[in-house]
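Dear colleague,

I am passing the structure on to you here, with the sequence alongside.

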Amino acid sequence: MKRNPRIVGILQARTGSTRLPGKVLATICSKPMLSVILDRLSDSKTLDTLVLATTLLEADDELARVAEVLRLPYFRGSENNVLDRYYRAADFFRADLIVRLTGDNPFVDGTFVDEAVHCFLDSQPQVDYVTSEEGGFPLGLSAEVFSFRSLERAWREDENPAWREHVTPFIYSRPDLFSIKRMISEEDLAYMRWTVDTPEDLEFARTVFNHFGNSRFSYREAMRLLKEKPELLEINRHVEQKTL
């Protein structure tokens, strides 16, 4: 890894969704969710650039147009081979280090991204992949950090179409090939559901964002609110998460 690697956040998003079509353009605080995510990541101190990785489908033309309005660089690639889309986007934008983000997680903010990046950069010996998954964070407070070299190896060697749809399973399922580190939350809040995949999830997100009246509150402020007002978690507690 270079002493000063080029760090690129790649935000994966498309308008197609089986449970909530067009969710990435659904409004929160009167803005498309894509714009909200961009606002929340804008104070990251580690990202050199943030780009959108969407599909070549005609249905995602609108998403590309919104990105242009927001002056968000974007790359368009395969709908289902998302690993290929990620690799080509990372190569096009000359990434040394990639932060994987998704368009259905509006609660992630720049501070959380920076914590994930520093977890990667400060690891001795150097790791290949850092994830917040299964670390006790709310579902949807998620970031993955990995080297371009690791992404390229997965792109070349992963022959499982189901894994390629989810980008990183080849990496985190092969500790014999990759050095992996997990971020651990100070408190186990995995019972909180912060991702947006259903109408109830969207209602929950809108309720929290409306409480603050803007999109710039920190993820720690959201944690404090939901511990003080646990009844808000009932809005989408019953929703079952889709499995790989």
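A search of the whole structure, which is a predicted model, finds 15 aromatic pairs, where rings of Phe, Tyr and Trp (its six-membered ring) pair if their centres lie within 6.5 Å, and where planes under 30 degrees apart count as stacked, over 60 as edge-to-face and the rest as tilted. One of these pairs brings together phenylalanine 75 and phenylalanine 92, whose ring centres are 6.1 Å apart and whose planes stand at 50 degrees, so the pair is tilted. It links distant parts of the chain, since phenylalanine 75 belongs to strand 5 (residues 74-77) and phenylalanine 92 to helix 3 (residues 82-92), 17 residues apart; helices (H or I, at least four residues) and strands (E, at least two) are DSSP runs, numbered from the N terminus. Phenylalanine 75 counts as buried at 17% relative accessibility, whereas phenylalanine 92 counts as exposed at 56%, with buried meaning under 20% relative accessible area, exposed over 50% and partly exposed in between (1.4 Å probe, protein chains only).

The rings of tyrosine 129 and tyrosine 172 have their centres 6.3 Å apart and their planes at 35 degrees, so this pair is tilted. Because tyrosine 129 lies in strand 7 (residues 129-131) and tyrosine 172 in helix 7 (residues 169-172), the pair ties together parts that are 43 residues apart in sequence. Tyrosine 129 is buried, with a relative accessible area of 1%, while tyrosine 172 is partly exposed at 38%. Elsewhere, Phe107, Trp194, Phe204, Phe209, Phe212 and Phe217 form one aromatic cluster.

Side chains of opposite charge can pair when their charged atoms come close. Over the whole structure, the search finds 18 salt bridges, each being a side-chain nitrogen of Lys or Arg within 4 Å of a carboxyl oxygen of Asp or Glu. In one of them, arginine 153 meets glutamate 157 with the closest N and O atoms 2.9 Å apart, and because the two residues are four residues apart in helix 5 (residues 148-157), they are separated by about one helical turn. Arginine 153 is partly exposed at 32% relative accessibility, and glutamate 157 is partly exposed at 37%.

Glutamate 187 forms a salt bridge with lysine 227, again with the closest N and O atoms 2.9 Å apart. This pair links distant parts of the chain, with glutamate 187 in the loop between strand 9 (180-182) and helix 8 (199-212) and lysine 227 in helix 9 (residues 219-228), 40 residues apart. Glutamate 187 counts as partly exposed at 37%, as does lysine 227 at 41%. Glutamate 234 and arginine 237 form a further salt bridge, their closest N and O atoms being 2.8 Å apart; glutamate 234 is partly exposed at 48% and arginine 237 is partly exposed at 41%.

As for the cysteines, the count of disulfides (pairs of cysteine sulfur atoms within 2.5 Å) comes to zero. Cysteine 29 counts as partly exposed at 24% relative accessibility, whereas cysteine 119 counts as buried at 15%.

Turning to the interior, helix 1 is mostly covered, with eight of its nine residues buried, namely Met33, Leu34, Ser35, Val36, Ile37, Asp39, Arg40 and Leu41. The largest cavity is lined by Leu11, Ile37, Leu41, Leu101, Thr102, Asn105, Val108 and Ser142, and helix 1 (33-41) and strand 6 (97-102) each supply at least two residues of that lining.

With kind regards

Definitions and conventions. Residues numbered from 1 in each chain as written. Predicted model: local features only at pLDDT ≥ 70, side-chain atom pairs only at ≥ 80, totals over all residues. Heavy atoms only, no water. 1 Å grid on protein atoms, 1.4 Å probe; cavity = no way out; pocket = protein on both sides within 12 Å on 5 of 7 lines; lining within 4 Å.
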